[in-house]
Amino acid sequence: MTIKYVFLVSRQGKLRLSKWYTTASSVKETTKTIKEVSQLVLGRKPKQCNFIEHRDTKVVYRKYASLYFVVGVDLDDNELMIMEFIHRYVECLDRYFGNVCELDLIFHFQKAYFILDEMVMAGELQESSKKTVLRVMAQQDETESTENSERGWGDIK
């Protein structure tokens, strides 16, 4: 399973998170891909299949509340495994934030990236255990809190 990109887009088409695991030819190319894929995904009806082929990529998406979680993978990758990965990522976000919403991702985007980085490295799924991901996040929060208190900043969230 090789993940090419992961991005989150709102119902209104606003990009909320974007992580690329392959090198694009330019920033213009990545922006174009995000725009094209977002338009394809947002234009689909709820009863339609959650898999689309776009150029040389299979796009797998899933809608949670007002956010679309979009993953681009190789054409020969298993779609159901990617759907499970998306669901696992949402479950981790949900447990970490306590009923995650779009505002959590806007104001604490770095935490959403950290959770994604714990799960995926170089386009390959590294950790699928929610318990392990959340334990690492708790350790990271504790370290961050300790460093902030040592600097005299208090508990900055």
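Isoleucine 86 touches Val60, Tyr61, Arg62, Tyr64, Phe69 and Val71, leaving aside residues up to four places away in sequence; contact here means heavy atoms within 4.5 Å. This is a predicted model, where local features need pLDDT of at least 70, side-chain atom pairs count only at pLDDT 80 or more, and totals for chains, interfaces and linings use all residues. Residues are numbered from 1 along each chain as its sequence is written, and side-chain values use heavy atoms, with hydrogens and water left out.

Back to isoleucine 86: you'll find this residue in helix α2 (residues 79-97). Helices are DSSP runs (H or I, at least four residues), numbered from the N terminus. Leucine 40 is 46 residues from isoleucine 86 in sequence and 18 Å away in space, C-alpha to C-alpha.

Isoleucine 106, for its part, belongs to helix α3 (residues 102-107).

Here's how accessibility looks for a few residues. Buried means under 20% relative accessible area, exposed over 50%, and partly exposed in between (1.4 Å probe, protein chains only).

| Residue | Relative accessible area | Class |
|---|---|---|
| Isoleucine 86 | 2% | buried |
| Isoleucine 106 | 31% | partly exposed |
| Cysteine 101 | 35% | partly exposed |
| Cysteine 49 | 40% | partly exposed |

What about disulfides? A search of the whole structure turns up zero of them, a disulfide being a pair of cysteine sulfur atoms within 2.5 Å. Cysteine 101 is in no disulfide, and its nearest cysteine sulfur, that of cysteine 92, sits 17 Å away.

Terms used. Helices (H or I, at least four residues) and strands (E, at least two) are DSSP runs, numbered from the N terminus.
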